[in-house]
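Me: I have a structure open and would like to go through its packing with you. Could you take my questions as they come?

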Amino acid sequence: MRYKHMNYNNCPLYKLQSKKQLKRLLSINNNKLLKQDYISSMIAPYIDTDGKPRLIEPPSEELKRIQRKLKSLLGKIEVPDNVFSGVKGRSYANNAFMHIGDKRRNLFKIDLTAFFPSIKRDVVFEFFNKDLECSPDIAEILTNYTTVDINRANVRNIEKIMAFLNNKGVNCTNHLISGAPTSQLLSYLVNHNMFDEMQKLSNKNGVTMTIYVDDVTFSSEHKIPNSFKSRVLKIVKKYGYKISKSKVKYYTKLYPKLVTGVAIDKNGHAVIKNNIQERIIKEFIHLKDNPKDDHSIKRLQGLLTAARQVDDHAFPSIHRYVKDIAKENKH
């Protein structure tokens, strides 16, 4: 992957100095929506305990509308081809396909711990102010839309949230929002210097690197040296982030691999994960017995979409059946 500098010229936010222009770009009529306290009150953080505990910070619909517009504007920034973090037209499956070639590959991957809550407000402000060259007041407002101060937000159980962050080793309570439409893309943009360092190291070592939010994957037809792995970990630490040691994985060429939800078999081919296949069959059997179950139709459609990101022609008969049933139920 050839190293290239970020190109901001096509982004309407680039060098923005005017609040009036910002309000026009984001369709904002209410001046309260320029104030941090008011914006923070529109976010309701909580810990989701269904399965593995996660910090969720859902914005109100009004704030989410602004964030969607902002994401669209940020999406005009030209990013490298190996970045799949919230980039329109690029999926988790595309990320995995970058690590499949004519020959089988060794693979090394890392997972950044509690990535969004670890991205500090100051880092986000610096991106808008220094990289996008927005005036300080505009950068401040854009940072308000994309970060949350736990202490100002609409929180019911702050003790539980603080315990969660403490357990993750995160001491930052003012950070990138976990749950905003803007966060995936911004997680790359505000940290592009860190990822650039990894990319230069990868280029030097003949390694393919991809970024999918908090998952960074490296692969090569040759052995990936320990010195390379050690240097990657040092780069992450240098920028103040942590790595989940249990999610640092190294796979040799002949070992099956899992990259952002896509299985790569021992022959180096992408295959649909076993549990996705099993869930499709189970849901299909249920739907045949309950053809009026709209929730089941939606679940099966979602599963088939996931499977077909890996294999365009997966489950053709089930795919046709669901399309027909969905059409019948509309009439």
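Me: Leaving aside neighbours within four places in sequence, which residues is Tyr145 in contact with?
Reply: In this predicted model, the contacts of Tyr145 beyond those neighbours are Leu26, Ile28, Leu33, Leu34, Ile39, Leu63, Ile66, Gln67, Leu70 and Ile177.

Me: And which residues have the most contacts inside the largest nonpolar core?
Reply: Leu13, Leu74 and Tyr145 have the most contacts there, in a core of 93 residues. Helix H13, residues 294-310, gives the most to this core, contributing six residues.

Me: Which residues does the second, separate core include?
Reply: That core has nine residues, among them Leu55, Ile150, Phe164 and Cys172.

Me: Changing topic to helices: at what angle do the axes of H10 and H11 cross?
Reply: The axes of H10 (residues 192-204) and H11 (residues 226-238) cross at roughly 165° and come within 10 Å. Angles over 145 degrees count as roughly antiparallel, and H10 and H11 are therefore roughly antiparallel to each other.

Me: Is the crossing of H10 and H11 left-handed or right-handed?
Reply: The crossing of these two helices is right-handed.

Me: Which residues meet there?
Reply: From H10, Met194, Glu197, Met198, Leu201 and Ser202 meet Phe228, Arg231, Val232, Ile235, Val236 and Lys238 in H11.

Me: Now the sheet. What is the strand order in the open sheet of three strands?
Reply: The order is S9-S10-S11, with antiparallel pairing. Strands S9 (257-259) and S11 (270-271) are the edge strands, each pairing on one side only.

Me: How many bridges join S9 to S10?
Reply: Three bridges join S9 to S10 (residues 262-264). Leu258 stands opposite Ala263 in S10.

Notes: Residues numbered from 1 in each chain as written. Predicted model: local features only at pLDDT ≥ 70, side-chain atom pairs only at ≥ 80, totals over all residues. Heavy atoms only, no water. Core = buried A, V, L, I, M, F, W, Y, C linked by side-chain atoms within 4.5 Å. Buried < 20%, exposed > 50% of the residue type's maximum accessible area, 1.4 Å probe, protein only. Helix = DSSP H or I, 4+ residues; strand = E, 2+ residues; numbered from the N terminus. Contact = heavy atoms within 4.5 Å. Pairing = 2+ DSSP bridges. Axes fitted to C-alpha atoms, helices over the stretch in contact; angles between N-to-C directions. Parallel < 35°, antiparallel > 145°, perpendicular 65-115°, else oblique. Left-handed = near helix turned anticlockwise from the far one by under 90°.
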